[in-house]
Amino acid sequence: MEQKTNPMRHLDKLGIPYEVHHYEGGALSGIDVATVQGQDPHEVFKTLVTMGQPKCYYVFLVPVTGDLDLKKAAASVGEKSVSMIKSADLLPLTGYVHGGCSPLCTKRPMRVTIDATAQEHERIYFSAGKVGYQIEMAVADLPKAMDFQFADIRKPVDGRV
């Protein structure tokens with residue numbers, strides 16, 4: 001039986017349908033996870049945490065087929081610039097470890113931005129808050145689960161779209 005994470009309990013409490021997917025192998029790359037799970041990598045999103053002005057933190061979700069464009073990300077939240085936080089700062093700020101960071105139920109409330117390409121899909125996958133666990137849910141249900149905005153925040157990796 002799967003272990004419930006805070007994001008799963010949050011969705012349960014709100015009555016939002018979702019599916020949990022589990023994979024072995026620890027913190028694999030997002031594309032590797034999608035491949036192992038038989039998922040479309042354009043629907044699998046990684047959760048990235050950044051800092052803008054001192055003590056202003058932001059969560060960005062981008063497809064594993066691309067990287068976060070820091071300039072676009074900063075513009076989307078009204079900052080001059082944002083930078084990735086250090087891995088060591090992730091747990092104290094979010095309550096999650098690298099490879100298991102979810103946009104839901106972060107220890108410290110943070111503004112969430114999801115790459116606009118999510119709107120092209122019926123469902124997306126993102127971390128369930130524990131390494132090896134993903135949540136799959138309908139894009140239409142995202143507004144019921146969290147406060148966020150869509151924005152163009154990604155840059156393609158290796159020329160892939």
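**Setting up.** I'm working with a predicted model, where local features need pLDDT of at least 70, side-chain atom pairs count only at pLDDT 80 or more, and totals for chains, interfaces and linings use all residues. Residues are numbered from 1 along each chain as its sequence is written, and side-chain values use heavy atoms, with hydrogens and water left out.

**The search.** I looked for salt bridges (a side-chain nitrogen of Lys or Arg within 4 Å of a carboxyl oxygen of Asp or Glu). The whole structure gave me 6.

**Lys72 and Asp152.** I found the closest N and O atoms of this pair 3.3 Å apart. Lys72 sits in helix H3 (residues 70–76), while Asp152 is in the loop between strands S9 (148–151) and S10 (154–156), 80 residues apart. Helices (H or I, at least four residues) and strands (E, at least two) are DSSP runs, numbered from the N terminus. I then checked accessibility: buried means under 20% relative accessible area, exposed over 50%, partly exposed in between (1.4 Å probe, protein chains only). Lys72 comes out partly exposed at 32%, and Asp152 is also partly exposed, at 47%.

**Arg123 and Glu136.** Here I got 2.8 Å between the closest N and O atoms. Arg123 is in strand S7 (residues 123–127) and Glu136 in strand S8 (residues 133–138), so the bridge ties together parts 13 residues apart in sequence. Arg123 is partly exposed at 27%, whereas Glu136 is buried at 9%.

**Lys144 and Asp141.** I noted 2.8 Å, N to O, for this salt bridge. Lys144 is exposed at 53%, but Asp141 is buried at 10%.
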